[in-house]
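This briefing goes through a predicted model.

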Amino acid sequence: MKKTIILLIVMNTAVWAQTDTAKVFSYRDFYDLVLKNHPVLRQANSLSGQAKAELLMAKGGFDPKLDINFDRKYFENKAYFNFWDNQLKVPLYWGGMDVKAGFERNVGDVLGTDIRTPLDGVSYVGINVPILQRFVIDERRATLQNARIFQNIAEAERVKMINKLILTAAKEYWEWYFTYRNQLLIKEFYELAAQRYQLVSKRVMQGDLPAIDTADAQVTLLDRRVMFEQATVELQNARLKLSNHLWDTNGSPLELPETAVPQLSAGQVIDATNLANLLETARLRHPEIQKLDLKAQQLNVDERLGREMLKPRFDIGLSSLNYAHRFITGSKIPDAGAFPSFYKINVDFSLPLLFRKERGKLEIIRVKQFQNTLEIQQLRREINNEVQAAYNDVKNLEGQIIQQQIAVQRQAQVLRAEEQRFSIGESQLFLVNQRESKLNELKVKLESMKAKYEKAKATLLFAAGTFE
């Protein structure tokens with residue numbers, strides 16, 4: 001039975017291949033054009049730029065920072081104080097440490113010896129180290145890690161937008177295909193009615209047929225003309241909808257030429273191997289699943305930070321005080337042994353007694369992790385079933401197309417037999433028109449099935465989270 005299906009589809013395609021290929025606008029050409037110039041695609045690509053900007057902002061937390069502070073008070077011929085502090089601070093990723101170097105000059109008549117410096121100031125190099133809280137991870141590193149994950153989220157969102165765009169574009173292409181084929185069939189249907197009306201009119205004039213057959217043939221002609229005009233309007237509207245996806249490289253809209261015709265339905269058979277590949281693709285690469293997996297990674301970063309905040313804060317700062325600036329100013333430099341061992345150390349310790357704020361934040365994160373895990377489980381099941389359902393639609397349409405092709409062939413035989421009977425006076429015009437209308441109805445339905453089949457294949461790809 002499978003060989004028969006493939007043979008019938010190929011035979012049908014061979015007949016249609018007589019279309020003027022110079023005017024054929026194939027689905028592949030349309031697909032490539034959409035992926036190249038469509039504004040929605042450009043919008044999707046801009047998500048990557050946004051993610052890069054977010055990452056750049058996160059990296060800003062580790063930018064070196066130069067601070068210059070100057071404060072002076074002079075009143076009634078008395079220099080109360082003169083503060084000048086220049087500091088370069090360099091955050092380090094590892095350990096949450098900050099390295100700093102600077103120059104400090106504090107002089108004045110009212111300053112105590114605890115903050116007063118020599119007249120030419122003092123330079124220093126130091127480091128701040130978090131011993132407990134913020135040693136493993138801190139806000140800056142968490143923000144940077146989440147920003148890197150966000151780049152992958154943006155890529156998944158970009159793929160999702162492209163998938164949706166391709167699905168919409170594919171459906172409108174194959175709708176154009178159907179309206180085009182429908183218009184051709186109804187045009188042929190109408191021309192047959194016109195020829196038969198002329199033939200019946202002559203035979204009525206010759207006395208071979210009753211006069212009522214002329215009215216019957218004219219009614220059929222007028223009815224089919226209305227059908228042809230309606231089909232023409234539907235084709236024009238389908239062209240306009242398809243043109244919504246046509247853009248040039250400069251971002252200007254393009255119009256589908258009147259001479260352009262769609263390609264033939266490919267009739268490609270989807271088998272169980274294709275289904276298995278699509279299910280695997282959906283499991284590994286579906287953008288919605290990827291987004292939730294990446295969200296789980298971000299929540300893991302937040303959880304690590306939350307657990308880190310449950311530790312006491314214990315920071316140590318150590319600075320070496322020296323006269324290194326004299327190398328730059330060219331001042332007299334003491335001998336190495338003359339340098340005193342000067343330093344400054346500070347310790348910062350804090351411990352919330354209940355940690356209610358920190359525990360509350362951590363509990364919220366863990367609830368979000370639990371919800372995200374359940375959402376992933378449900379989404380995987382839904383996507384798997386959607387792919388299976390889309391595949392069932394495709395296989396069902398394959399069988400329907402074959403049955404419909406057989407019905408068209410049989411109805412064509414019935415019509416030819418009825419026409420032969422009518423030509424020798426053994427049948428009525430009403431029966432011929434009825435057989436012919438049924439044949440046209442079956443042909444239109446066959447083209448509709450083929451369009452639905454191609455749409456179903458596009459839906460199958462979309463359900464699997466891919467567009468090719």
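What pLDDT does the chain average, and what percentage of the residues score at least 70? In this predicted model, the average pLDDT of the chain is 87, and 91% of the residues score at least 70.

**Confidence along the chain**

- Of the elements of the chain, helix H7 (residues 287-308) has the highest mean pLDDT, at 96, whereas helix H1 (residues 2-16) has the lowest, at 33.
- Residues 1-22 have a pLDDT below 50, and in the model this stretch makes 26 contacts beyond near neighbours in sequence.
- A further stretch with pLDDT below 50 covers residues 336-340, for which the model has three contacts beyond near neighbours in sequence.
- Where pLDDT is low, the predicted coordinates should not be read in detail.

- Helix H4 (residues 139-206) and helix H5 (residues 212-243) have axes that come within 8 Å and cross at roughly 160 degrees; because angles over 145 degrees count as roughly antiparallel, H4 and H5 are roughly antiparallel to each other.
- The crossing in which H4 passes H5 is left-handed, and the residues of the contact between H4 and H5 comprise 21 nonpolar, eight polar and ten charged ones.
- The axes of H4 and H7 come within 9 Å and cross at roughly 170 degrees, and these two helices are therefore also roughly antiparallel to each other.
- In the contact of H4 with H7, the residues divide into ten nonpolar, seven polar and eight charged.

**Helix H7 against helix H9**

- H7 packs with helix H9 (residues 356-423) at an angle of about 165 degrees, the axes being 9 Å apart, which makes H7 roughly antiparallel to H9.
- H7 passes H9 in a left-handed crossing.
- On the H7 side, the residues that meet H9 include Ile289, Leu292, Ala296 and Leu299, together with charged residues such as Glu288, Asp293, Lys295 and Arg307.
- On the H9 side, the residues that meet H7 include Leu362, Ile365, Ile376, Leu379 and Ile383, along with Arg366, Lys368, Glu375 and Arg380.
- By class, the residues of the contact of H7 with H9 are nine nonpolar, four polar and ten charged.

**Phe228 in helix H5**

- Phe228 is placed in helix H5, and, leaving aside neighbours within four places in sequence, Phe228 is in contact with Gln183, Ile186, Lys187 and Tyr190.
- Phe228 and Leu439 lie 211 residues apart along the chain, and their C-alpha atoms are separated by 16 Å.

**The annotated coiled-coil region**

- An unreviewed UniProt entry lists residues 432-459 as "coiled-coil region".
- In the model, the chain over residues 432-459 is 100% helix and 0% strand, with the end C-alpha atoms 40 Å apart.

Conventions: Residues numbered from 1 in each chain as written. Predicted model: local features only at pLDDT ≥ 70, side-chain atom pairs only at ≥ 80, totals over all residues. Heavy atoms only, no water. pLDDT = per-residue confidence, 0-100. Helix = DSSP H or I, 4+ residues; strand = E, 2+ residues; numbered from the N terminus. Contact = heavy atoms within 4.5 Å. Axes fitted to C-alpha atoms, helices over the stretch in contact; angles between N-to-C directions. Parallel < 35°, antiparallel > 145°, perpendicular 65-115°, else oblique. Left-handed = near helix turned anticlockwise from the far one by under 90°. UniProt positions renumbered as here; feature names shortened; annotations may be inferred.
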